Amino acid sequence: MRLTLSRAALASTMLAATLGASLLLATSAGAATTLGASAAQTGRYFGTAVSAGKLGDSTYVSILDREFTMVTPENEMKWDATEPNRNQFTYTGGDRILNQAVSTGKRVRGHALLWHQQQPGWAQSLSGSDLRQAAINHVTQVATHYKGKIYAWDVVNEAFADGGSGGRRDSNLQRTGNDWIEAAFRAARAADPGAKLCYNDYNTDGVNAKSTGIYNMVRDFKARGVPIDCVGFQSHLSNSAPSDYQANLQRFADLGVEVQITELDISGSNQANAYAAVTRACLAVARCAGITVWGIRDTDSWRTGENPLLFDGNGNKKAAYTSVLDALNAGGTTTTPTTPTTTPTTPTTPAGNGCTSSVSLNSWNGGFVATIRVTAGSSALSGWTVTTTLPSGAAVTNGWNATNTGTSGSVAWSNVSYNGSVAAGQYTEFGFQGTGGADGITSTCAAR
Ligand code: G3I
């Protein structure tokens with residue numbers, strides 16, 4: 001009898017202990033009470049677009065600081081905001097958002113280095129190689145200003161056409177040559193090797209011609225070693241997400257890139273369910289790193305009158321908020337974010353003339369892309385020339401971040417206006433594409 005009582009006591013003690021443990025789990029890990037904390041349980045972030053002009057609004061800032069762990073400047077890092085006049089850069093709005101985010105423990109997605117919209121007037125009137133150089137200079141300068149501070153950059157935004165073509169959108173940037181996107185990604189990597197580099201677009205929420213065009217570009221970039229780490233799915237939705245939303249994310253993830261939901265907002269009466277479905281889809285894809293909503297309160301949204309966000313105009317949580325929070329707390333796969341990888345390089349040429357150079361080659365049958373890294377010696381460079389010697393049969397078709405003399409045999413490459421200055425021990429990169437086989441290519445560097 002005594003033994004029986006002891007067993008009963010032991011059992012009830014164990015039950016209480018188990019219940020206690022479950023209750024503890026439920027409050028500490030299973031039911032976090034903010035979007036950011038809930039997303040963090042599976043290693044993800046939960047972000048919002050932020051407008052610098054609203055950082056004086058106490059309701060806005062209190063929700064921002066309580067709920068979100070990632071921030072995207074809504075307009076302040078775009079081309080018209082950061083380079084209103086050619087080569088005159090202004091970072092006031094972008095810096096303000098970045099500093100507020102960093103000082104409150106949040107990270108920042110940079111948005112967007114190149115886009116056919118929100119270009120300053122001076123860029124809209126350029127074309128051809130002048131525009132190409134201005135665009136690459138813009139990427140280099142802005143990514144350099146924010147070097148080490150950005151989680152991921154939308155390097156190129158909305159470059160694919162809507163409709164069934166699956167091809168590129170016509171724009172002044174596209175008319176500089178089809179390689180403008182890869183040139184932008186290479187310049188961004190050279191400027192800030194630690195930032196993840198994303199391609200970002202809309203109407204890509206299911207498997208369709210547009211998303212497949214982007215998928216093919218990403219697959220090609222990965223095959224040729226063009227630096228790309230992530231794809232952003234804006235997800236401006238009405239009433240629901242496509243039924244293959246998760247499958248579409250997964251096929252991109254399977255290419256080895258991170259996927260991110262970058263500008264989520266959803267209108268319509270099915271809003272709460274649709275938000276939950278998008279959240280569950282991200283949680284089910286291990287390489288889905290996080291979700292960003294495009295504004296905080298309905299009154300902050302660019303979709304005036306559609307009320308597509310998680311908080312009403314007074315800052316109250318909506319049903320959509322609760323459904324996202326519940327979906328996050330239900331858990332999912334733990335995310336496995338990608339790390340930006342720098343291009344592997346061949347051994348550097350002997351030090352001499354103040355700089356060294358190294359060649360990284362991506363070749364295919366009949367063509368190649370060469371990336372040349374120029375590294376300053378113990379003194380800073382104020383200008384440089386790299387001479388590449390191409391094997392017989394190889395010829396340069398186009399280059400970026402340097403100007404060339406000659407296209408075959410011995411080709412001399414000189415810095416352009418924005419990358420001649422290289423601090424002691426630091427490097428810059430330029431590149432070129434060519435036909436033929438470039439195995440055996442060599443390079444030598446000289447300071448000017
Ligand atoms: O700041 C000026 C203000 O001084 C002026 O009085 C007013 C007059 O129109 O304009 C204000 O600038 C506006 C700016 O938003 C800030 O409110 C611009 O006109 C307006 O065009 C701009 O719209 C932005 C839009 O991108 C530009 O295309 C939206 O805020 C922004 O939410 C939206 O974001 C885009 C993403 O970058 C890319 N994906 C689509 C998404 C929605 O369009």
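**Figure 1. Overview of the chain.** Helices (H or I, at least four residues) and strands (E, at least two) are taken as DSSP runs and numbered from the N terminus. On that basis the chain has twelve helices and 17 strands. This is a predicted model in which local features need pLDDT of at least 70 and side-chain atom pairs count only at pLDDT 80 or more, while totals for chains, interfaces and linings use all residues. Residues are numbered from 1 along each chain as its sequence is written, and side-chain values use heavy atoms, with hydrogens and water left out. Of the 448 residues in the chain, 53% are buried; buried means under 20% relative accessible area, exposed over 50%, and partly exposed in between (1.4 Å probe, protein chains only). The accessible surface of the chain is about 17900 Å², and carbon and sulfur atoms account for 53% of it. Accessible areas come from the Shrake-Rupley method with a 1.4 Å probe, and for residues only the protein chains shown count as cover. Among contacts (heavy atoms within 4.5 Å) with a separation of 6 or more, 76% are between residues 24 or more positions apart.

Figure 2. A polar side-chain atom of Glu74 is 2.4 Å from a ligand oxygen atom. For His111, the distance from a side-chain N or O atom to an oxygen atom of the ligand is 2.7 Å. For Gln117, the corresponding distance is 3.2 Å. The ligand taken alone exposes 790 Å², and the protein buries 46% of that.

**Figure 3. The cis peptide bond at His111.** His111 and Ala112 are joined by a cis peptide bond, with omega about -10 degrees. Ala112 belongs to strand 3 (residues 107-115).

Figure 4. The structure holds three disulfides, each being a pair of cysteine sulfur atoms within 2.5 Å. Counting bonded cysteines along the chain, the pattern is 1-2, 3-4, 5-6. Cys198 is joined to Cys230 with an S to S distance of 2.1 Å, and the link is left-handed, with -90 degrees about the S-S bond. This pair links distant parts of the chain, 32 residues apart: Cys198 is in strand 5 (residues 196-201) and Cys230 in strand 6 (residues 230-233). Cys198 is buried, with a relative accessible area of 0%, and Cys230 is buried, also with 0%.

Figure 5. The S to S distance between Cys282 and Cys288 is 2.0 Å. This disulfide is left-handed because the torsion about its S-S bond is about -100 degrees. Both Cys282 and Cys288 are buried. Cys355 and Cys445 are joined at an S to S distance of 2.1 Å, and their link is left-handed, with -100 degrees about the S-S bond. Cys355 lies in strand 10 (residues 355-364) and Cys445 in strand 17 (residues 442-447), so the bond ties together parts 90 residues apart in sequence. Both Cys355 and Cys445 are buried.

Figure 6. Ala187 is in helix 8 (residues 180-191) and is buried, at 1% relative accessibility. Leaving aside neighbours within four places in sequence, Ala187 is in contact with Ile136, Val139, Thr140 and Asn401. Ala187 and Val139 are 48 residues apart in sequence, with their C-alpha atoms 6.5 Å apart. In helix 10 (residues 245-253), the buried residues are Tyr245, Asn248, Leu249, Arg251, Phe252 and Ala253. These residues pack against helix 9 (209-224), strand 6, strand 8 (258-267) and helix 11 (271-284).

Methods
A polar contact is a pair of N or O atoms within 3.5 Å; within protein, one must be able to donate a hydrogen and the other to accept it, and residues adjacent in sequence count only if both atoms are side-chain atoms.
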